Amino acid sequence: MSRSYDSMDPKVMDDDMLKAAVGEQGPQEEAGQLAKQEGILFKDVLSLQLDFQNILRIDNLWQFENLQKLQLNNNIIERIEGLENLVNLIWLDLSFNNIETIEGLDTLINLEDLSLSNNRISKMDSLDALVKLQVLSLGNNQISNIMNVIYLRRFKCLRTLTLSGNPIAEAEEYKMFIYAYLPDLVYLDFRHIDEQVKEMAKLKHQYSIDELKHREALMQARLEDEQARREKLAEHKLAFIDHLDGSFLFDSMYSEDVEGNKLSYLPGVGELLEAYKDKFVIICLNIFEYGLKQQEKRKLELDTFNECIQEAIQENQDQGKLKVAKFEERHLLNLNTIREESDLPSIEKKLIECSDDINELFNMLMTLEMQLVEQLEETINMFERNITDLVGLFIENVQTLMAQCRDLENHHHEKILEIAINTLEKILKGEMDEDLPDDVRALFVDKDTIVNAVGASHDIHLLKIDNREDELVTGINSWCAQLLDKIHKDEIMRNRKRVKEINQYVDHMQSELDNLECGDIID
């Protein structure tokens with residue numbers, strides 16, 4: 001059964017409640033007391049218990065980003081919400097609440113154990129994201145449709161299911177149906193499933209299950225095809241030649257061309273249109289194939305560049321580490337000598353030597369960094385020239401091919417105009433034998449009307465070609481500019497970080513030396 005409202009006022013989870021819960025559940029030994037004094041960061045909490053709190057609404061959990069276990073049972077919660085940031089959650093208990101609908105779980109991809117028993121849920125759905133789900137407790141709810149069990153077949157890891165106390169559990173075939181349709185289940189309603197009984201259930205429902213498996217296989221194949229199509233489209237978008245591997249551009253030229261579609265009814269235009277389409281699509285395919293090859297070249301250039309950058313940085317870091325190791329070895333020996341020395345002038349001399357060594361190390365490390373900056377700058381400039389040349393060549397050749405599309409369109413326009421004027425003359429002379437739809441005949445009032453109609457169709461086609469060319473050119477130029485900008489900014493940030501590291505290390509070593517008091521050494 002679900003929970004009724006207590007005499008206490010309903011509560012919303014606020015910071016005070018969360019802090020109190022975290023404090024109470026933290027370790028009680030000395031370390032725990034210290035944590036309470038200094039404050040416990042919510043992001044460090046792995047388990048949180050908030051049962052029997054009269055909570056009406058889930059809220060303020062966004063800081064618990066590493067939480068793995070959450071108990072919210074025995075409250076008066078009406079909706080599943082506010083859990084979207086708990087992506088590391090493994091165990092969630094929302095039993096004994098007033099929840100009517102399963103929702104708000106789409107980001108909990110790591111959830112393995114979910115308890116929603118003793119609520120008001122009437123349908124099992126909206127759990128698709130829980131691909132790791134192993135335990136599902138939905139006992140004592142209002143689920144009445146036995147066919148709803150089939151929904152759970154998608155959860156390949158599900159081994160434990162509780163549905164007792166629901167209307168479906170009263171059905172005569174309840175257990176045998178579940179055994180048959182959820183063959184990987186190990187426990188149902190707190191009882192281990194006998195393998196022989198499971199086999200009997202499978203045989204009893206064999207025909208229906210085979211049909212279901214066939215439908216599932218078809219659905220899976222469709223999903224895989226759709227996924228492959230989306231991946232291919234994403235790949236084509238990266239190459240800036242999406243939808244150029246067929247007749248999409250040509251078809252789009254006529255999709256909004258009212259006049260052009262009317263003119264297609266004229267004698268001889270159908271054959272002309274087919275020939276035009278075939279030639280146009282061949283050019284689009286040439287752009288597409290060329291675009292894929294150029295994308296591979298750009299990718300190879302970028303991969304080679306990144307490898308060169310990483311190799312240069314690694315080599316420079318190795319040289320730096322070697323110099324630091326030699327310095328630290330020498331520095332440690334000097335410090336030991338100073339500690340053992342009793343003569344003050346000798347100590348001061350050694351301190352000066354150590355300080356000089358630190359300055360020398362600083363200069364060596366900064367020199368290495370300056371050399372690396374120059375090396376990387378040269379590599380980046382070379383890459384910038386190469387990638388800009390590749391992009392420029394790609395644009396130049398694509399524009400040449402797009403010009404061929406425009407030439408085809410201009411030629412087709414001239415042919416259509418010629419046919420249209422000949423048709424007008426036949427109509428005016430009463431020599432037109434072919435029947436034309438009324439809306440097509442309405443164009444043939446006079447020469448100006450038909451010339452304007454043919455011209456409007458032509459303008460639409462040229463605009464579509466121009467827009468697709470502009471989209472491609474703008475897209476790849478933008479990609480190139482953003483890539484180069486990111487590379488330059490990354491190098492600036494790398495250099496600043498490295499200089500800061502060198503300064504912090506040298507300052508630390510100098511500070512250690514400065515803190516070495518002569519009085520302590522003599523003692």
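Predicted model: local features only at pLDDT ≥ 70, side-chain atom pairs only at ≥ 80, totals over all residues.
E235, H236 and L238 in helix α5 meet F288, L292, Q295 and R298 in helix α8.

## Two helix pairs

Sorted by class, the residues where α5 and α8 touch are three nonpolar, two polar and two charged. The axes of these two helices come within 9 Å and cross at roughly 75°. An angle from 65 to 115 degrees counts as roughly perpendicular, so α5 and α8 are roughly perpendicular to each other.

Helix α8, which spans residues 269–340, has another partner in α11, residues 447–514. Here the axes come within 13 Å and cross at roughly 5°. Angles under 35 degrees count as roughly parallel, and therefore α8 and α11 are described as roughly parallel to each other.

What does α8 bring to its contact with α11? On the α8 side you will find F280, R298, L302, F305, I313, V324, F327, E328, H331 and L335. Facing them from α11 are I465, I476, W479, L483, I487, R494, Y505, M509 and L513. By class, this contact has 15 nonpolar, one polar and three charged residues. If you look for R298 in the model, you will see that this residue takes part in the contact with α5 and in the contact with α11.

The table sets the two pairs side by side.

| Helix pair | Axes come within | Crossing angle (roughly) |
|---|---|---|
| α5 and α8 | 9 Å | 75° |
| α8 and α11 | 13 Å | 5° |

## The largest pocket

Now for the empty spaces. Rolling a probe the size of a water molecule over the atoms shows where empty space is left. The largest pocket has a volume of about 700 Å³. Its lining is made of 21 residues, and R153, R154, F155, K156 and E216 lie nearest the centre. Which element gives the largest share of this lining? Helix α5, residues 206–238, does, with six residues. The lining divides into 13 nonpolar, one polar and seven charged residues.

R153 deserves a stop of its own. This residue is found in the loop between β7 (135–137) and β8 (160–162). Is R153 buried or exposed? Under 20% relative accessible area counts as buried, so R153, at 14%, is buried. Leaving out residues up to four places away in sequence, R153 touches Y181, L182, P183, L212, K213 and E216. Of these, E216 is also among the residues nearest the pocket centre.

## A residue in another loop

D184 lies in the loop between α3 (174–181) and β9 (187–188). With a relative accessibility of 46%, D184 counts as partly exposed. Its contacts, not counting residues up to four places away in sequence, are L158, R159 and K198. D184 and C157 are 27 residues apart in sequence, and their C-alpha atoms are 8.1 Å apart in space.

## The enclosed space

How many cavities of 30 Å³ or more are there? The count comes to one cavity, and about 110 Å³ of space lies in the largest cavity. Among its 15 lining residues, Y254, H412, I416, S457 and H461 are the closest to the centre. The elements giving two or more residues to this lining are α7 (258–263), α8, α9 (344–429) and α11. By class, the cavity lining has six nonpolar, seven polar and two charged residues.

Definitions and conventions
Residues numbered from 1 in each chain as written. Heavy atoms only, no water. 1 Å grid on protein atoms, 1.4 Å probe; cavity = no way out; pocket = protein on both sides within 12 Å on 5 of 7 lines; lining within 4 Å. Points joined across faces, edges and corners; volume = space filled by probe spheres on them. Helix = DSSP H or I, 4+ residues; strand = E, 2+ residues; numbered from the N terminus. Nonpolar A, V, L, I, M, F, W, Y, C, P; charged D, E, K, R; others polar. Buried < 20%, exposed > 50% of the residue type's maximum accessible area, 1.4 Å probe, protein only. Contact = heavy atoms within 4.5 Å. Axes fitted to C-alpha atoms, helices over the stretch in contact; angles between N-to-C directions. Parallel < 35°, antiparallel > 145°, perpendicular 65-115°, else oblique.
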